[in-house]
Amino acid sequence: MKTCIVYVVEAQRASQLTQHSIVGATLEGTAMSILRRTDIGVVLQDEAAQTPEAKTLMSLARCKQWIQIGDHNQLPPTVKCPLAKDALMEISLFERLIVE
């Protein structure tokens, strides 16, 4: 019963989102189930140079247009996991697009 209630609430929230032309969300939020059923026209990503590439790709895959704002000469993404560092995840997609 609890699962059914959750789906009903999510469906109501998703229908409310379609009534607005601008919705604010974190990059992780764009991958949440409530937004999966919603068309995302434009993602405006602030502080793009501080966002690890994987987080950026979550929202990039879901939108029609994508705008990044940032400065790759300022703070890089914060990555604490040694495995992620070994996998070169300390670079943002913003910086990769500029440098490479």
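Analyst: A salt bridge is counted here when a side-chain nitrogen of Lys or Arg lies within 4 Å of a carboxyl oxygen of Asp or Glu. The model is predicted, and a search of the whole structure under that criterion returns one salt bridge. The pair consists of E53 and R96, whose side chains meet at 2.9 Å, taken from N to O. Because E53 belongs to helix α3 (residues 53–60) and R96 to helix α5 (residues 93–99), the contact ties together parts that are 43 residues apart in sequence. Side chains of opposite charge can pair when their charged atoms come close. R96 has a relative accessibility of 23% and therefore counts as partly exposed, the range between the limits of 20% for buried and 50% for exposed.

On the way from β1 to α3 the chain includes a loop in which E47 is found. The phi angle of E47 is near 55°, a positive value in a residue other than glycine, and at 39% relative accessibility E47 counts as partly exposed.

A further feature of this part is a nonpolar patch on the surface, formed by V42, L44, I67 and I69, with about 360 Å² of accessible area together. In a regular strand the side chains alternate between the two faces of the sheet. I69, one of the patch residues, is found in the loop between β2 and α4 (82–86), and its relative accessible area of 41% makes I69 partly exposed.

Conventions
Residues are numbered from 1 along each chain as its sequence is written. This is a predicted model: local features need pLDDT of at least 70, side-chain atom pairs count only at pLDDT 80 or more; totals for chains, interfaces and linings use all residues. Side-chain values use heavy atoms; hydrogens and water are left out. Helices (H or I, at least four residues) and strands (E, at least two) are DSSP runs, numbered from the N terminus. Buried means under 20% relative accessible area, exposed over 50%, partly exposed in between (1.4 Å probe, protein chains only). Patches are made of residues with over 30% relative accessible area and no salt bridge: like charges are joined within 9 Å, nonpolar side chains (Val, Leu, Ile, Met, Phe, Trp, Tyr) within 5 Å. Accessible areas come from the Shrake-Rupley method with a 1.4 Å probe; for residues, only the protein chains shown count as cover.
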